[in-house]
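This briefing is for a reader who has the sequence and the coordinates open. It takes the items by topic.

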Amino acid sequence: RDIQQAITLRLDTLETLATAQAGQLRVSGESLDEANAEDVQRRLGRHSTLLELFDSAFVTDAQGEVKAFMPSLSGAVGLNVAEREYFRFLHEVGRPFVGRPIISKLHDRRPLVVMGVPLRDAEGDFAGMLGGVVNLRDGRFFLDLRSLRIGEQGYAVLMTSDGTILSHPDQNRVMQQTPTAWEGPLLEKALDGWQGTGIGRL
């Protein structure tokens, strides 16, 4: 429940910024496609409080080109993310979205999850996206979960519905599929959406 609340908070924050202050991410009425990246970067930088919720944040234009990224990372601005699932969803469906775990295209090759909301122009048409990035390997989002201990040797693990591990005390496990040794009735029920408590050996 705490994780769901944290995700909701982050999406709500992105949506509030995108809706109430979308004009600040454009430049003198220009579309994001036409805007100078330095100008968009400066405007995004005014919202550095996003970094209290995300490990990084970025803005793209309607074509998927990254126009601003913070904190600054070499190669980020100018990167095109048009083929990424999260961008396609925002472009086609137009609702806030939490993407599946992916590997960064940048040189750091970190596993990450992108949360995003669409940006719209004055006519209400799709103008780009505002995204927040959660670093799965060493980001702050899962810090408390990674450090949680249950009893003397127990720990918490978070995974997607297809069994991809998002958080584990052993960071080498992140982005790996659930090991065969973990398979059992409790795990199968959890991946099917069951909620509750149980004791098992993983």
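Setting aside neighbours within four places in sequence, I3 is in contact (heavy atoms within 4.5 Å) with F141, L145 and L158. The model is predicted: local features need pLDDT of at least 70, side-chain atom pairs count only at pLDDT 80 or more, and totals for chains, interfaces and linings use all residues. Residues are numbered from 1 along each chain as its sequence is written, and side-chain values use heavy atoms, with hydrogens and water left out.

**Overall content**

- The protein chain has 5 helices and 10 strands; these are DSSP runs numbered from the N terminus, with helices being H or I of at least four residues and strands E of at least two.
- Of its 202 residues, 42% count as buried, where buried means under 20% relative accessible area, exposed over 50% and partly exposed in between, with a 1.4 Å probe and protein chains only.
- Among contacts between residues at least 6 apart in sequence, 45% join residues at least 24 apart.

**Nonpolar cores**

- A nonpolar core is a set of buried Ala, Val, Leu, Ile, Met, Phe, Trp, Tyr and Cys residues joined through side-chain atoms within 4.5 Å.
- The largest such core has 28 residues, and L14, L44, L50, F54, V59, M115 and L130 touch the most other members.
- At least two residues of this core come from each of α1 (2-20), α2 (37-45), β1, β2, β5 and β6.
- The element that gives the most to this core is α1, with 6 residues.
- Another core, of 17 residues, lies apart from the largest one and includes A76, F87, L112 and V133.
- Beyond four places in sequence, L50 is in contact with T13, L14, L17, L44, A57 and M70.
- V59 lies in strand β1 and counts as buried because its relative accessibility is 0%.
- The C-alpha atoms of V59 and V117 are 10.0 Å apart in space, with the two residues 58 apart in sequence.

**Helix faces**

- In α2 the buried residues are V40, R43 and L44. They cover an arc of only 100° around the axis, so they sit on the same side of α2; the arc is that of the directions from the helix axis to the C-beta atoms.
- The cover over the buried residues of α2 includes β1, β2 and β6.
- In helix α3 (residues 85-92) the buried residues are Y86, F87 and L90. Their arc around the axis is only 100°, which puts them on the same side of α3.
- Packed against the buried residues of α3 are β1, β3 (97-98), β4 (102-103), β5 and β6.

**Second largest pocket**

- The second largest pocket has a volume of about 430 Å³. On a 1 Å grid over the protein atoms alone, a pocket is an open set of points where a 1.4 Å probe fits, with protein on both sides within 12 Å along at least five of seven lines. Grid points are joined across faces, edges and corners, and the volume is the space filled by probe spheres set on the points.
- Its lining has 25 residues, with S56, F69, S104, L112 and V133 nearest the centre; lining residues have an atom within 4 Å of a point.
- The elements giving two or more residues to this lining are β1 (56-61), β2 (66-70), β5 (111-120) and β6 (126-135).
- By class the lining has 14 nonpolar, 5 polar and 6 charged residues. Ala, Val, Leu, Ile, Met, Phe, Trp, Tyr, Cys and Pro count as nonpolar, Asp, Glu, Lys and Arg as charged, and the others, Gly among them, as polar.

**Backbone geometry**

- Most residues other than glycine have a negative phi, and most peptide bonds are trans.
- G94, which follows α3, has a positive phi, near 75°.
- The peptide bond from M70 to P71 is cis, with omega near -5°, and P71 lies in the loop between β2 and α3.

**Partly exposed residues**

- I3 is in helix α1 and is partly exposed, with a relative accessible area of 29%.
- I3 and F141 are 138 residues apart in sequence and 9.0 Å apart in space, C-alpha to C-alpha.
- V77, in the loop between β2 and α3, counts as partly exposed at 41% relative accessibility.
- Not counting residues up to four places away in sequence, V77 touches A37, Q41, V66, K67, A68 and F69.
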